[in-house]
Each structure stands twice: as structure tokens, then as C-alpha cells.
Amino acid sequence: MSAYLIAEIDVHDATAYGEYTAQTPALVARHGGKFIVRGGNAAALEGEWAGRIAVMAFPDRQALESFWNDPDYRNIVGIRHKNSQGRIVAVDGV
């Protein structure tokens, strides 16, 4: 069953955050994932949304968790933490 990583990120320093976003596509692909949504023009239809939206699809939860725990990803996650604040969830598809 597919699994999705969904993130809402409020970026504080777009230039520095770019170091993170430049490296994530290859890491996502390494684990069989792909971006479904990455930034783009989001319009809140209900409630408040702080910023950038990203949705990544993985073949299954194991692949998603493998990406999340990849040492190469853990090495760059500090860039995201330093330059943004966000909420991230993992959810199984139907």
C-alpha cells in the first residue's frame, strides 16, 4: 500500500532553505518516492495554512521510513530545522 509524507513548512530564510530543497529529490528517489506536490500555488479553502506544502508518495510505509531515517537525509534535516518551522505527517494510502 502506498504511503505519503505530507509537510506544511513555513520558510524563514528561502535562500538557506534552498540548500535543503536542492538535495531532497535525489534522496526521495533513492527510496522509490516521488514528489506529488512541491511548493506551488496553495490556496487555503478552510482553516489557516502557514506556508509551503510538499507531498511525497512512496511505494509503502517501509520505503517512506527508510527515506526518513536515511543517514544522508538526517545530515541535511538540520538545514530545514534552522530555516523553517513545519508540521510533517506520514499516512498510508487507500
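These legends go with close-up views of a predicted model. Local features need pLDDT of at least 70 and side-chain atom pairs pLDDT 80 or more, while totals for chains, interfaces and linings use all residues. Residues are numbered from 1 along each chain as its sequence is written, and side-chain values use heavy atoms, with hydrogens and water left out.

**View A. Strand 1 and its two partners.** Strands here are DSSP runs of E with at least two residues, helices are H or I runs of at least four, and both are numbered from the N terminus. Two strands pair if DSSP finds at least two bridges between them. Strand 1 (residues 3-11) runs antiparallel to strand 3 (residues 52-58), with seven bridges, and antiparallel to strand 4, with nine. E8 has I53 as its bridge partner in strand 3 and R87 in strand 4.

**View B. The R87–E8 salt bridge.** A salt bridge puts a Lys or Arg side-chain nitrogen within 4 Å of an Asp or Glu carboxyl oxygen; for R87 and E8, N to O is 2.9 Å. R87 sits in strand 4 and E8 in strand 1, so the contact ties together parts 79 residues apart in sequence. E8 is buried at 10% relative accessibility, whereas R87 is partly exposed at 39% (buried is under 20%, exposed over 50%, partly exposed in between; 1.4 Å probe, protein chains only).

**View C. D70 meets R30.** Their side chains form a salt bridge at 2.9 Å, N to O. D70 is in the loop between helix 2 (61-69) and helix 3 (71-83), and R30 is in helix 1 (residues 14-30), so this pair connects parts 40 residues apart.
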